[in-house]
Amino acid sequence: MKRTTIVLAGTAILIGCLIASEALAKSDKEFLSDAIKTDNAEIALGQLAVQKGSTDNVRKYGQTLVTDHQKGKDAAAALAPALQVKSMEGLPPDAVKEQKKLQGLTGTDFDKEFAQFMIAGHKQAISEFQEKAGEGDRPVPQLAKQTLPTLQEHLKMAEDLAH
């Protein structure tokens, strides 16, 4: 009797943990919506770097972000109707705050802040995209898998700017 109770309790705990981990993972719809907003942020901040960067490297990196994240947004937008993702505009709150901060900076202060934000943002994005990429062969995980090399390259470029 005690053994059965322990096994049942252990099974209940395991099922609870599995349900909780499923709940923590972003749905494809949430992931896609967030990815589009992040692309919007990278485009906006990239454009700002093109305008305000004090070195050719910062300006070129800004243009790379604009170009690559526009392609990423287009690919994500192609999946949006099937998942009923309606909002294709807007930036995440942290990007809005950063955009305002960067607008007030010039020269090397701008370059340093921009590079640091890009490093942190791309590390976070890579982590989220790796997680989603491991979720199977559905269209959104496949998009995440295809996008990872670009995000990893952007991180490397931002780290090079910071040194």
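This is a predicted model: local features need pLDDT of at least 70, side-chain atom pairs count only at pLDDT 80 or more; totals for chains, interfaces and linings use all residues.

Reader: How many aromatic pairs does the count come to?

Author: Three aromatic pairs, where rings of Phe, Tyr and Trp (its six-membered ring) pair if their centres lie within 6.5 Å, and planes under 30 degrees apart count as stacked, over 60 as edge-to-face and the rest as tilted. One of them is Tyr61 with Phe114: the ring centres are 5.9 Å apart and the planes sit at 65°, so that pair is edge-to-face. Tyr61 is in helix H3 and Phe114 in helix H5 (residues 107-133), 53 residues apart, so the pair links distant parts of the chain. Helices here are DSSP runs of H or I, at least four residues, and strands are runs of E, at least two, numbered from the N terminus.

Reader: Which residues have the most contacts inside the largest nonpolar core?

Author: Phe110, Phe114, Met118 and Phe129, in a core of 24 residues. A nonpolar core here is a set of buried Ala, Val, Leu, Ile, Met, Phe, Trp, Tyr and Cys residues joined through side-chain atoms within 4.5 Å. Helix H2 (28-52), H3, H5 and helix H6 (139-162) each supply at least two residues, and H5 gives the most, with nine.

Reader: And what does Phe129 touch?

Author: Not counting residues up to four places away in sequence, Phe129 touches Phe31, Ala35, Ala144, Thr147, Leu148 and Leu151, with contact meaning heavy atoms within 4.5 Å. There's also a second, separate core of six residues, which includes Leu32, Ile36, Ala76 and Val85.

Reader: Switching to helices. Where does H3 bend?

Author: At Ala77, by about 25°, and a proline, Pro81, follows within four residues. The bend is the angle between axes fitted to the seven residues ending there and the seven starting there. H3 has 28 residues and reaches 40 Å from its first C-alpha to its last, close to the 40 Å expected at 1.5 Å a residue; that expected span is 1.5 Å times one less than the number of residues.

Reader: What do the buried residues of H3 pack against?

Author: They pack against H2, H5 and H6. Leu65 is one of those buried residues. Its relative accessibility is 0%, which is why Leu65 counts as buried. Leaving aside neighbours within four places in sequence, Leu65 is in contact with Glu42, Gly46, Gln70, Phe114, Met118, His122 and His154.

Reader: What comes after H3?

Author: Gln84 follows H3, in the loop between helix H3 (56-83) and helix H4 (93-103). Gln84 has a positive phi of about 60° although it is not a glycine. At 53% relative accessibility, Gln84 counts as exposed.

Reader: And H6, where does that one bend?

Author: H6 bends at Thr147, by about 35°, with a proline, Pro149, following within four residues. Its 24 residues should span 34 Å at 1.5 Å a residue, and the end C-alpha atoms are 35 Å apart, which agrees. The buried residues of H6 pack against H2, H3 and H5.

Reader: Last one: how many helices and strands in the protein?

Author: Six helices and zero strands. Buried residues make up 34% of the 163 residues. Among contacts between residues at least 6 apart in sequence, 74% join residues at least 24 apart.

How values were computed: Residues are numbered from 1 along each chain as its sequence is written. Side-chain values use heavy atoms; hydrogens and water are left out. Buried means under 20% relative accessible area, exposed over 50%, partly exposed in between (1.4 Å probe, protein chains only).
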